[in-house]
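Reader: I have a new structure to get through. Can we go over it in short steps?
Author: Fine. Here it is.

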There are 2 protein chains.
Amino acid sequence: LAEPRAGERLSRAAAHRLSLYLRVLAAWPADAGKISSGRIAEACGNLGQRGLGYKAADLAAAIRAALGIDRTWRALLVGVGNLARALLRYRGFRAQGFEIVALFDNDESKIGQNIEGLTVESIAALAERLPALGAELAVLTVPAESAHAVAEILVDAGIKGILNFAPVLLKVPTRVKLVTVDLAIQLEQLAFLIQLGDPEPRDEGVP
Amino acid sequence: LAEPRAGERLSRAAAHRLSLYLRVLAAWPADAGKISSGRIAEACGNLGQRGLGYKAADLAAAIRAALGIDRTWRALLVGVGNLARALLRYRGFRAQGFEIVALFDNDESKIGQNIEGLTVESIAALAERLPALGAELAVLTVPAESAHAVAEILVDAGIKGILNFAPVLLKVPTRVKLVTVDLAIQLEQLAFLIQLGDPEPRDEGVP
């Protein structure tokens, strides 16, 4: 697997497929020998191009480089409710090189609380704290009605990317990257598949 | 907008796009008159085909029919942790016609607890309870290590679709539909977009 050359572009769909391959490779036993692309495709539930075998670790390293996750990304978590607590305990983030380095909320009763080793700070202090924290990403888990205002604070503070869980379509400048997770859309996709009825290739996860 | 005829198929990508349109239509003021497809596309952050105006309510109804959500879907929530509590309070599900009708867990200390008006039941009772509950979907929020075993229970009980939040690639028979939400993949997509650098069309949500 050649690493992408400078100037070469992956599509978002290709990047998503690579993320799924990484999951398969992570689960591949170290002593199980080489993994074929056919086997990866099968494990991902998709028909892919069959080819030669790869060493799982080599392939994973090449994919991580292509995705830009061959490094650690530091992230803020903004909005400390049940979802934030679930995300803090979610082992997948750290395993993939994402580290939650600070928690912010605007609820006085939450500020100062210690959760999973981090102290909740005031959103009012966010802009001032960002340089010292060295975070480029923010995970936004505030209620829908606060999402626009908090996103604006994050943008003004210089954050590079926002993973938004609030069920709103945020507007941010083009220099800030935005991925929105709309949980109801996931359920709609499932309902749509059931309604469709006949079997189709297995789940390929969520791009 | 013609309703899809029997035998006509939407792709999953098209279904996802329709889900996003629904979000825009839901936010459209009732007194704001007709909505143009160009305006919908703009609000979704994508360039779409420009055309004639639609009445927002008519368009939403046609889209809901195409997606199979012009009805209520009853769903089980299996695995009662922080994520489940967040999902129970997530207003988006009910707004889109999804109703969580029962909670299941295998932790004795949780069984019998009342959460948001529902009593946590034992997973051991799930198969027996399913017909009376009339649920077709299950939202799976158990830890990764329990996911395969619980999915098997759901499949054997006759569930039609599973929305899986556990960070594992589940195997289910083709008659059961599966959508997996891998939260680390969302962060990887964001990292990939930041690494990509130059501006591209705004976030179009998560297919």
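Reader: Which are the buried residues of helix H6 of chain A?
Author: Helix H6 (residues 126-133) of chain A has Leu126(A), Leu130(A) and Leu133(A) as its buried residues. Buried means under 20% relative accessible area, exposed over 50%, partly exposed in between, with a 1.4 Å probe and protein chains only. Helices (H or I, at least four residues) and strands (E, at least two) are DSSP runs, numbered from the N terminus.

Reader: And where do they fall, seen down the axis of H6(A)?
Author: They fall within an arc of 75°, so they line one face of the helix. The arc is that of the directions from the helix axis to the C-beta atoms.

Reader: Before I go on, what kind of model is this?
Author: This is a predicted model: local features need pLDDT of at least 70, side-chain atom pairs count only at pLDDT 80 or more, and totals for chains, interfaces and linings use all residues. Residues are numbered from 1 along each chain as its sequence is written, chains are lettered from A and ligands numbered from 1 in the order in which they are written, and side-chain values use heavy atoms, with hydrogens and water left out.

Reader: Back to H6(A). What is exposed on the other side?
Author: Glu128(A), Pro131(A) and Ala132(A).

Reader: What covers the buried residues?
Author: The cover of H6(A) includes strand E3 (73-78), E4, E6 and helix H7 (144-157) of chain A. Contact here means heavy atoms within 4.5 Å.

Reader: How do E4 and E6 of chain A run, parallel or antiparallel?
Author: Strands E4 (residues 98-105) and E6 (residues 118-122) of chain A run parallel, joined by three bridges. Two strands pair if DSSP finds at least two bridges between them. Leu103(A) has Val120(A) as its bridge partner in E6(A).

Reader: What else is Leu103(A) in contact with?
Author: Leaving aside neighbours within four places in sequence, its contacts include Leu77(A), Leu88(A), Ile115(A) and Leu118(A). Leu103(A) and Leu103(B) have the most contacts inside the largest nonpolar core, which has 84 residues. Such a core is a set of buried Ala, Val, Leu, Ile, Met, Phe, Trp, Tyr and Cys residues joined through side-chain atoms within 4.5 Å.

Reader: Where is the hairpin?
Author: E5(A) and E6(A) form a hairpin with two residues between them, and Glu116(A) in the turn has a positive phi of about 50°. Ile115(A) has Leu118(A) as its bridge partner in E6(A).

Reader: Now chain B. What order does the open sheet have?
Author: Its seven strands have the order E5-E6-E4-E3-E7-E8-E9, with mixed pairing. E5 (114-115) and E9 (177-180) of chain B stand at the edges, each with a single partner strand, so one side of each is left without a neighbour in the sheet.
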